[in-house]
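Below is a report on a single protein chain, written for a reader who wishes to know which definitions stand behind each value. The sequence and the structure come before the discussion.

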Amino acid sequence: MTPWYVYVSISISILAIAVASLTYRRKAGVRIYGNYVSASSRDCNDKYISSITLENLKDRAITIFTIYLRIGYNYYIIIENFEDSPLILKPFETYQKNYGPIQFYGINSNRINLDSLLEDAKIKKRIIL
């Protein structure tokens, strides 16, 4: 018959391991929830990103230099550039920004039409930081 303090010490050690693992999971890695809304306007012919929301789900600060929207596998749209003063998301903080209509999407002063890519639900779209 084992004494009662052995069971108490085993229970306390299991509880300590559980608390340590939960604390490690909360601090380790990066976990950001991102959402965007596309819209169209009478001011421009193209669809554009009208708002973006980023939520830091970890207990540590994260520095963001640029926000991209990846469409498919090789198309990247720069949503916002913070290279001059980086965006710092504090623990459990949310960043939300609304954007107005655009003139056009372009590369090297050539206009490109991304409406079909932004409207197609089969094409995978992802926010890249």
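How many aromatic pairs does the count come to by the rule used here?

## Aromatic pairs

The count comes to three aromatic pairs, where rings of Phe, Tyr and Trp (its six-membered ring) pair if their centres lie within 6.5 Å, and where planes under 30 degrees apart count as stacked, over 60 as edge-to-face and the rest as tilted. One of them joins Trp-4 and Tyr-5 in an edge-to-face arrangement, at 6.0 Å centre to centre and with 80° between the planes. Trp-4 counts as exposed because its relative accessibility is 64%, given that buried means under 20% relative accessible area, exposed over 50% and partly exposed in between (1.4 Å probe, protein chains only).

Another edge-to-face pair is formed by Phe-82 and Tyr-95, with 6.1 Å centre to centre and 80° between the planes. This pair links distant parts of the chain, since Phe-82 lies in the loop between β5 (75-81) and β6 (87-89) and Tyr-95 in strand β7 (residues 94-98), 13 residues apart. Both Phe-82 and Tyr-95 are buried.

## Basis of the model

This is a predicted model, in which local features need pLDDT of at least 70 and side-chain atom pairs count only at pLDDT 80 or more, whereas totals for chains, interfaces and linings use all residues. Residues are numbered from 1 along each chain as its sequence is written, and side-chain values use heavy atoms, with hydrogens and water left out.

## Fold and dimensions

The protein chain has two helices and ten strands, which are DSSP runs numbered from the N terminus (helices H or I, at least four residues; strands E, at least two). From the N terminus on, the order of these elements is α-β-β-β-β-β-β-β-β-β-α-β.

The radius of gyration of the protein chain is 23 Å, whereas a compact globule of 129 residues would have one near 14 Å; the radius is taken over C-alpha atoms, and the globule rule is 2.2 Å times the number of residues to the power 0.38. Along its principal axes, the C-alpha trace spans about 80 × 35 × 25 Å. Of the 129 residues, 26% count as buried.

## Contacts and a buried serine

Among contacts in the protein chain with a separation of 6 or more, 62% are between residues 24 or more positions apart, a contact being heavy atoms within 4.5 Å. Ser-51, found in strand β2 (residues 44-56), is buried because its relative accessible area is 12%. Leaving aside residues up to four places away in sequence, Ser-51 touches Asn-35, Tyr-36, Val-37, Gln-96, Lys-97, Asn-98 and Tyr-99.
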